[in-house]
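Reader: I'm new to this one. Please walk me through it.
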Amino acid sequence: MHRPGNVTWGRVAVVTVVAVCLAYAPVAATELWPYARAGAPALGERLLAETVSPEYVAEAVADRTGPYGRSLLPLVLHSVLGGLLMVLGPVQLLSALRRRPRLHRAAGVLFAVTVYASMAGAALYLARTAPEDAFGGAAFWIVLATILVGTVLSVTYGIIAALGRHPDLHQRWMLLCYGFLMTAPLLRLEWGALPRLMPGLSMEQVNQVAVMHLGSVVAFGALAASRALDRRAEVPGVTGSWVPGRVLLVAHLAALPALVWIGAAFLEWGAAGRRLLLGFLLPYAATYAVMVLRQRRAHRLGRGWAREEWRVHLVALLLAPVFSGGAALPLERLLGLDRPTALSAAVAIGCGVLATAATTVVSLRVMYARELLKRTPTPQSGARTPAPAA
C-alpha cells in the first residue's frame, strides 16, 4: 500500500479524525462516573450543559440511571476501554502512514484485545437490558447490538487478513472497525448540534434521529479512507467487473420503490416521522451522489480498481433500503415491536449492514483474483506450458 497523495483535503481529514478521537478519549473515560457516584465530574455532561442546557443533560441522566445502574461495571469497562481505543486509533493510523511496522503491530495487538474487551462489556449491558428499557428505546438497542456485531466481525476479519499477509484487505477491515467505533464520538457531537437545528428535542429524541444516518456516515468514511490510501490503478488478476451496468440498473430499480415506501411510512407518523425521514434521506442522498461521481471519475481516469470498489459499495448503498424494508417485519414479529419502531430500527441498521457486506465482496474479489494468479501456469524458458486439467 502507498501513502495518500499530497492533497490538502486528505491531510485535513486525518487531522480532524485524530483531533476528534483525542478530544473524545477523556469524555468516554469519565462518562459513567456520575452514575457510579452522584456529583462525580464528567467532561461530556459539563460540555453538553454549557452547549445546550443543564435541564437537557439532567433529563437524560435521570432516564439512564435505572438501566445503567443494573449493568454499571460492564458499562464502566466498555467506556474506559472505549477512551483507550480513541487513543490507539490515531496511533494505528499514523504508524501505518509513517511506515512504522513494529509500532503498528504492537499497537494493533493492543487495539484488537481492547476492542474485544470493550465490546464484551457492551454485550453484557445489552444482555441485561430489555430493548424497550434502553435509552432511546428498542430501535436504539437494536442499533447498538448491530454496531457491536459489526465491530467484532470487522476487527476479526482484519486480524485474519493480516495473518494471511493481505495488507490491503487488513486495512479495509480495520478502517471499517474504527468507523463503527467512531459512532460514539459522532453521536455525542450530534447531542450538542441537533438541539440547535431542531429546538425542543430531548436527548432521547436526538438519539432516534442520529441513528438514522450514523451507519451510512461512518461506513462512507471508512470507504473514503480506504480509497485515499489505496493509490493502485489496477489490482493484479482483477479483470472485468462484478458490477456491470445491468447490475447497477437493477439495484436502482430495486432501491426506488423501497425508498418511496419508507418515505411514505415515515410521513404517516407526523412530526416525529418527518424528523426521522430527514435524518435518513439527507445523508443518504449525499453519500449516493459522492459515490456516483467518484466511480465515474475513476472510469474517466482509467482507474479500474477504484471504479470497481466504488461501484460495489454503490450497489450496497442502493440495496440498503431494500434490506431495511425486508428486515422490518421480522424485527416486528420476533421482538414484538410496533411497526414504527421496527421500521426505524431496520432503516437505522441498513447502511451499516450492507457496507459490511460490500467490504466482504471487495475482499472476495481480491482473493479470487489472487487465487486465479496462483493457478495460472507460468511458462518457463525452454519448457512447454502444461495443458489445463479437464
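Reader: Start with Phe220. What is its relative accessible area?
Author: The figure for Phe220 is 21%, so the residue is partly exposed. Buried means under 20% relative accessible area, exposed means over 50%, and partly exposed is in between (1.4 Å probe, protein chains only).

Reader: What kind of model is this?
Author: This is a predicted model, where local features need pLDDT of at least 70 and side-chain atom pairs count only at pLDDT 80 or more, while totals for chains, interfaces and linings use all residues. Residues are numbered from 1 along each chain as its sequence is written, and side-chain values use heavy atoms, with hydrogens and water left out.

Reader: How many aromatic pairs turn up in the whole structure?
Author: The search finds 8. Rings of Phe, Tyr and Trp (its six-membered ring) pair if their centres lie within 6.5 Å; planes under 30 degrees apart count as stacked, over 60 as edge-to-face and the rest as tilted.

Reader: What is the geometry of the pair Phe220 and Trp310?
Author: Tilted, with 6.5 Å from centre to centre and 40° between the planes. Phe220 belongs to helix α11 (residues 214-229) and Trp310 to helix α14 (residues 304-335), so this pair ties together parts 90 residues apart in sequence. Helices here are DSSP runs (H or I, at least four residues), as are strands (E, at least two), numbered from the N terminus.

Reader: And Trp310, buried or exposed?
Author: Buried, at 4% relative accessible area.

Reader: What about Phe266 and Trp269, which geometry do they have?
Author: They pair edge-to-face, 5.1 Å centre to centre and 90° between the planes. Phe266 is buried, at 0%. Trp269 is partly exposed, at 25%.

Reader: Which residues form an aromatic cluster?
Author: Tyr35, Tyr68 and Tyr125 form one.

Reader: New topic, helices. At roughly what angle do the axes of α12 and α13 cross?
Author: Roughly 155°, and the axes come within 8 Å. Helix α12 covers residues 245-267 and helix α13 covers residues 270-300. The axes are lines fitted to C-alpha atoms, for helices over the stretch in contact, with angles running from 0 to 180 degrees between N-to-C directions. The two helices are therefore roughly antiparallel. Angles over 145 degrees get that label; under 35 is roughly parallel, 65 to 115 roughly perpendicular and the rest oblique.

Reader: Which residues make that contact?
Author: From α12, they include His252, Leu259 and Phe266. From α13, Arg274, Phe280 and Tyr288 are among them. Contact means heavy atoms within 4.5 Å.

Reader: How do the contact residues divide?
Author: Into 9 nonpolar, 4 polar and 1 charged. Ala, Val, Leu, Ile, Met, Phe, Trp, Tyr, Cys and Pro count as nonpolar; Asp, Glu, Lys and Arg as charged; the others, Gly among them, as polar.

Reader: Now α15. Where is Arg365, and is that residue buried or exposed?
Author: Arg365 lies in α15. Its relative accessibility is 3%, so Arg365 counts as buried. Beyond neighbours within four places in sequence, its contacts include Trp242, Trp305 and Glu308.

Reader: And which residues does Arg370 touch?
Author: His166, Asp168 and Arg232, not counting residues up to four places away in sequence. Arg370 and Pro236 are 134 residues apart in sequence, yet 7.4 Å apart in space, C-alpha to C-alpha.
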